Amino acid sequence: MSEHFQEEENDAGRRHVDWSLWRRVAGHLRPYPWPVTTMIGCGLVLAAVEVMLPLVTAAIIDEAIGQGRASRISMLGGLYAVMLVIFSFLVWRFIIAAGTLATRVAFDLRGASFARLQSLPFGYFDVRSTGWLVARVTSDVTKVTGLLPWFLFDIGWGSAMLVGIFTAMMLVDPQLGLAVSMIVPPMAIATWWFKRRMLESSRRIRRSNSRITASYTETIAGVRTTRMLAREEASAAEFGELSSEMRLWTIRNAVQSATYLPIVMSLGSIGVGIALWAGGIQFREQSGLSLGLLIAFMQYAVLFSQPIQELAQRFVDLQSAQAAAERVQELLEETPAIRDSPEVEARIAAEVAAPTPGIAADGGKMTIETVTFESVGHAYVGEERVLDDVSFELSRGTTLALVGATGSGKTTVAGLLARWYEPSEGRILVDGVDYRERGLDWWQSQFGVVQQVPHLFSGTVRDNVRYGRLEADDDAINAALQRVRALDFVTGLEGGLDFEVGEGGGHLSQGQRQLISLARAFLADPQIFIMDEATSSVDAETETTIQSAVDEILRDRIAVVIAHRLSTIRRANLILVLDQGKVIERGSHAELMQARGRYRRLYLDQFVNEEEAKLLG
């Protein structure tokens with residue numbers, strides 16, 4: 001997780017808007033041309049209305065203090081009222097269009113981000129924390145989509161306002177127009193100076209917020225560990241430090257904002273003062289400027305500062321949201337390291353267009369008869385090898401057991417087999433064909449995985465059992481539960497299949513969760529099973545039930561069992577003993593016991609310990 005905090009630290013060095021990035025982000029607006037054109041159009045017309053209103057006001061004032069013709073005043077008043085109605089209508093239309101655009105683009109980005117996360121290999125998640133990933137799909141998407149409508153509007157409105165106001169003032173009185181325009185340079189400088197500092201504090205706030213989100217997520221996930229180690233106070237203190245940092249930068253940002261606004265308002269007041277002073281002299285001397293136009297100039301002086309502030313704020317927002325936009329766009333553009341080749345994609349497309357009975361979705365065989373590891377080696381990072389020259393062959397109906405200490409490579413073998421990772425060296429063959437020549441989705445759909453600590457989703461027993469086969473009816477679900485010896489306990493639950501298992505299956509015991517997990521795997525009917533010792537964390541009685549269910553599941557299938565309790569793998573057809581990524585022993589249980597090597601010592605040590613535990617228990 002530290003590397004992603006470092007990413008946040010690097011954000012502070014990004015001082016310029018990356019227009020190429022924002023052009024790619026703007027591509028997400030293409031499906032919605034109507035809201036986009038509506039916002040830009042509303043901005044342009046609103047600017048024209050706002051520029052014209054002071055002139056209409058000037059005409060009404062000059063007519064009222066001049067000839068005072070009721071018909072002309074009524075006409076100008078009607079025009080003013082119509083312009084106000086148009087103004088209100090345009091604001092309403094903008095709000096509708098902006099809300100529609102922001103909501104739809106946010107929906108699209110979150111859906112696309114979630115879909116992309118589902119397609120990325122496990123290696124992507126190995127180096128990214130849950131909090132970091134959650135922030136990408138939540139706060140980052142919100143920040144980007146919340147900015148886009150306002151930026152589109154202000155580009156049209158702000159630019160048109162500046163040009164319109166300056167043009168109107170120059171047409172009415174060039175000298176006074178230039179005098180009022182004198183406030184623009186100091187206002188631009190003040191805006192630039194403050195906005196840069198406000199941008200820095202905003203980035204610090206966002207960085208602190210990311211840390212708080214990550215800390216909070218991990219604390220909730222590990223609350224049991226925190227309580228068991230009595231680290232509540234230390235955890236609260238660590239969280240307090242993060243909160244204090246965010247409070248510090250939030251206060252600084254608020255102070256900067258509170259200081260910036262009066263300065264800009266004062267500069268705007270100077271513009272009004274210039275218009276009042278210079279225009280007042282002209283009016284007094286009757287040198288061409290009427291009272292109405294003087295008031296119009298004062299209005300323009302006030303209005304002049306608004307588009308400057310808005311445009312400056314939008315560019316600051318672009319810089320502030322740039323890191324969020326980069327992370328969202330990078331996620332969407334992330335190319336999965338493990339994916340189908342163009343040739344495989346072509347075969348899949350051809351099979352979709354014209355399905356062939358008895359042929360898999362990728363154009364290959366439906367059934368898997370043999371799987372072969374051929375001198376397979378693997379390194380996750382650089383040259384740090386975790387597997388070296390591993391070879392074996394499995395056929396339908398055989399079980400491979402992997403034995404070894406933590407870090408010996410057992411999980412890597414299983415991960416490579418399921419193609420969660422791909423080997424750095426060697427080949428993995430399926431019926432004599434490199435498994436990279438089979439469709440990734442088809443291959444991974446042939447696996448059933450039962451973990452040491454099973455994961456259940458919030459919902460009912462029914463929802464969890466049919467998770468891998470949503471079309472399954474209750475009869476199929478009950479049959480799967482019966483086959484894995486779980487139907488009796490499920491029937492005894494309140495509601496049976498409708499029993500709510502709770503988050504992570506928290507309303508069930510460890511053994512019950514494991515049985516539900518086994519039923520889920522069995523119902524999916526995969527051709528290959530990976531079993532990460534399903535009985536290592538349950539009591540002896542439940543172990544017997546689960547082991548019987550496991551034997552039922554593995555019948556007539558290819559299976560790989562990661563073994564922790566060696567007593568559960570005596571019936572495996574092939575046992576590999578791994579040490580630092582290398583196979584140091586292989587054979588059946590009887591053969592390895594006769595060899596009197598590492599496996600025999602491990603087995604006898606565990607047997608003695610288990611027997612002692614039974615006697616003492």
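Helix α16 passes helix α18 in a right-handed crossing. This is a predicted model, and the two helices pack at an angle of about 120 degrees, with their axes 8 Å apart. α16 and α18 are therefore oblique to each other.

**Where α16 meets α18**
- On the α16 side, the residues involved are A476, I477, A480, L481 and R483, and they meet I516, A519, F522 and L523 in α18.
- Sort the residues of this contact by class and you get 8 nonpolar, no polar and 1 charged.

**Zooming in on L481**
- L481 sits in helix α16, and its relative accessibility is 0%, so it counts as buried.
- Skip the neighbours within four places in sequence, and L481 is in contact with V465, A486, L487, V490, L497, I516 and A519.
- How many residues apart in sequence are L481 and L518? They are 37 residues apart, and in space the gap is 8.4 Å, C-alpha to C-alpha.

**Another helix pair: α3 and α4**
- Helix α3 runs over residues 33-65 and helix α4 over residues 70-119; they pack at an angle of about 160 degrees, with their axes 8 Å apart.
- Angles over 145 degrees count as roughly antiparallel, so α3 is roughly antiparallel to α4.
- Left-handed or right-handed: what is the crossing of α3 and α4? The crossing is left-handed.
- The residues of the contact of α3 with α4 come out as 28 nonpolar, 4 polar and 4 charged.

**A tyrosine in a loop**
- Y421 belongs to the loop between α13 (410-417) and β4 (425-430).
- Is Y421 buried or exposed? Its relative accessibility is 15%, and buried means under 20%, so Y421 counts as buried.
- Leaving out residues up to four places away in sequence, Y421 touches F122, G123, D126, I338, H378, Y380, G415, L416 and Y435.
- Y421 and A337 are 84 residues apart along the chain, and their C-alpha atoms are separated by 8.7 Å.

- D525 is a residue other than glycine, yet its phi has a positive value near 55 degrees.
- You'll find D525 in the loop between α18 and β7 (528-532).
- Q580 is not a glycine either, and it has a positive phi of about 55 degrees.
- Q580 lies in the loop between β9 (574-579) and β10 (582-587).
- With a relative accessible area of 68%, Q580 is exposed.

**The whole chain**
- How many helices and strands does the protein chain have? There are 21 helices and 10 strands.
- Of the 617 residues in the protein chain, 46% are buried.
- Take the contacts in the protein chain with a separation of 6 or more: residues 24 or more positions apart account for 77% of them.

Notes: Residues numbered from 1 in each chain as written. Predicted model: local features only at pLDDT ≥ 70, side-chain atom pairs only at ≥ 80, totals over all residues. Heavy atoms only, no water. Axes fitted to C-alpha atoms, helices over the stretch in contact; angles between N-to-C directions. Helix = DSSP H or I, 4+ residues; strand = E, 2+ residues; numbered from the N terminus. Parallel < 35°, antiparallel > 145°, perpendicular 65-115°, else oblique. Left-handed = near helix turned anticlockwise from the far one by under 90°. Nonpolar A, V, L, I, M, F, W, Y, C, P; charged D, E, K, R; others polar. Buried < 20%, exposed > 50% of the residue type's maximum accessible area, 1.4 Å probe, protein only. Contact = heavy atoms within 4.5 Å.
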